[in-house]
Amino acid sequence: MSETASAKIAARLDRLPPSRTIWKIVLWISLGGVFEFYDLFFTGYVAPGMMKSGLFTPQSLGFFANLDSIKIAGFGTFVFCTFAGLWVGVVLFGHMADRYGRRPVFTWSLVWYVACTAIMAFQRSGEMLNVWRFIAGVGFAVQLVTIDTYISELIPSAERGRAFSVNQFITFCIVPVVALLAWLLVPLSPLGIDGWRWVVLTGSIGAVLVWLLVQGIPESPRWLALQGRTDEAEAIMTAIELRVTAETGKPLPPPALAHAEETGLGQGRLAEIFSPQYRQRTLMLSVFNMAQVIGFYGFAAWVPTLLIARGVTVTHSLEYSFIIAIANPVGPLLGVLFADRIERKVQIIIGLVVMGLSMLAFAMANSPLVLIALGVLFTLSANVMSYAYHNYQAELYPTRIRSRAVGFVYSWSRIAAAFAGLAIGYLLHAGGALAVAAFIASAMVIGIAMIGIFGPKTKGVALEKISH
């Protein structure tokens, strides 16, 4: 009965026309995701200030100084702890939204972020800084997985692409804010407090305000119905339909017949993602996530350092990084024009191609204007690829395992990012920016092969049909 109820709810959701009600939900969910992006992107921008504070000497690092044996030293320990925490978080807690619901996991992971990051900002040793960075990562790792799951289930199939592009436009708007704050604050010590600490604390304060705003987001009626909580799903769905009808002034079209999810022995568990039905998708997305993150964070987290490697001074590298960062929200915003018109996998592939080519060109350019232009081009293409693949991987699994499946495949991007940072640091020292560019371009080729050969088509298709 719960499978049939979920199918009926899905059909009612998919027939909804564009409306303020639906887009308001996208807005609130996206605001919650802003602070994962804030947290991820401040890593590269506060690096000079953290190192200036003397937090990454062997004495200050304590236990983490032992990581030098595997070539992780200095600020690299902070980057490693960031992505190690994110990896542990999605592996251990990626299933939480499937078990307890999308809404509670979404809101309380935001609380976790606020508390742990605020504590981290006041640490006086590299050792404790890294400990709290890891703990914070474990908590807010769940946030982005839950957001992808949430949006894919609440938005009609005809608008899923645009919903993800708008979501990432909103979240990426925070990146230039981080870059600007770092540019203005990191060299200073307002009120005797290191500038990088102010950058970190600003994110925690903003997240508290957003947490208060997102309390009105409804639970996913698809998930509720599948859990047998039909009355709650019906109440939420009816409320949405009434608001949409009032906004449009037109009666809603009748819902089309929808596929019901199949449940049974072994279904709804993590092992199901390796069943014959989903094994190829799981392997494809796992490899793809490892490949794409090498380009995405390999550039974003290292852009000031890469600019310095191209002969730009430290002061100008932060200035140029800010200019490049402004492009972050523009890529997803452009995606609004074609997100639901071009097949999802094609958008991902084009983004990867442009990322690889522009990175190679960046490594050979010398003119500041050309470097900035290529940095902007890379950023635009990376963020088109990003919104498209976040949408894509959430579409490929059924509601009963969507969160844990997305968490599993996405976890590979986290652990890959941790070690890719080490590889980029080594390559930058050994072969310069060109060696880094070759590494990133090779990873893009792998990502293209995975999606191009093994990825199914999903544009405009109901979630329940895709999962079949």
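In the predicted model, L191 is placed in the loop between α9 and α10 (195–213). The phi angle of L191 is near 55°, a positive value in a residue other than glycine. L191 counts as exposed, at 78% relative accessibility.

Helix α9, which covers residues 174–185, contains L180. L180 is partly exposed, with a relative accessible area of 32%. Together with W183 and L184, L180 forms a nonpolar patch on the surface. The accessible area of L180, W183 and L184 together is about 250 Å². C173 is likewise assigned to the partly exposed class, at 30% relative accessibility.

Helix α4 runs over residues 76–93 and has 18 residues. The distance from the first C-alpha of α4 to its last is 25 Å, close to the 26 Å expected at 1.5 Å a residue. Helix α4 is mostly covered, with 13 of its 18 residues buried.

Salt bridges number 17 in the model. One of them joins the side chains of E241 and R12, with an N to O distance of 2.8 Å. This pair links distant parts of the chain, as E241 belongs to helix α12 (residues 230–248) and R12 to helix α1 (residues 2–14), 229 residues apart. E241 is buried, with a relative accessible area of 11%. R12 also counts as buried, at 14% relative accessibility.

A further salt bridge is formed by E272 and R400, the closest N and O atoms being 2.6 Å apart. Here too the partners come from distant parts of the chain, 128 residues apart. E272 is in the loop between α12 and α13 (279–300), and R400 is in the loop between α18 (368–395) and α19. Both E272 and R400 are buried.

A225 is found in helix α11, residues 221–226. A225 and E3 are 222 residues apart in sequence, yet their C-alpha atoms are 7.4 Å apart in space. A225 counts as buried, at 0% relative accessibility. A second pair consists of V330 and F172, which are 158 residues apart in sequence and 8.4 Å apart in space, C-alpha to C-alpha. V330 lies in helix α16, residues 330–335. V330 is partly exposed, with a relative accessible area of 35%.

The cysteines were examined last. A disulfide is a covalent bond between the sulfur atoms of two cysteines. The count of disulfides in the model comes to 0. For C81, the closest cysteine sulfur is that of C116, at 14 Å. The cut-off for a disulfide is a pair of sulfur atoms within 2.5 Å, so the sulfur of C81 is too far from that of C116 for a bond. C81 counts as buried, at 3% relative accessibility.

How values were computed:
Residues numbered from 1 in each chain as written. Predicted model: local features only at pLDDT ≥ 70, side-chain atom pairs only at ≥ 80, totals over all residues. Heavy atoms only, no water. Buried < 20%, exposed > 50% of the residue type's maximum accessible area, 1.4 Å probe, protein only. Patch = residues over 30% accessible without salt bridge, like charges linked within 9 Å, V, L, I, M, F, W, Y side chains within 5 Å. Areas by Shrake-Rupley, 256 points an atom, 1.4 Å probe, with all protein chains shown as cover. Salt bridge = Lys/Arg side-chain N within 4 Å of Asp/Glu carboxyl O. Helix = DSSP H or I, 4+ residues; strand = E, 2+ residues; numbered from the N terminus. Expected span 1.5 Å × (residues − 1).
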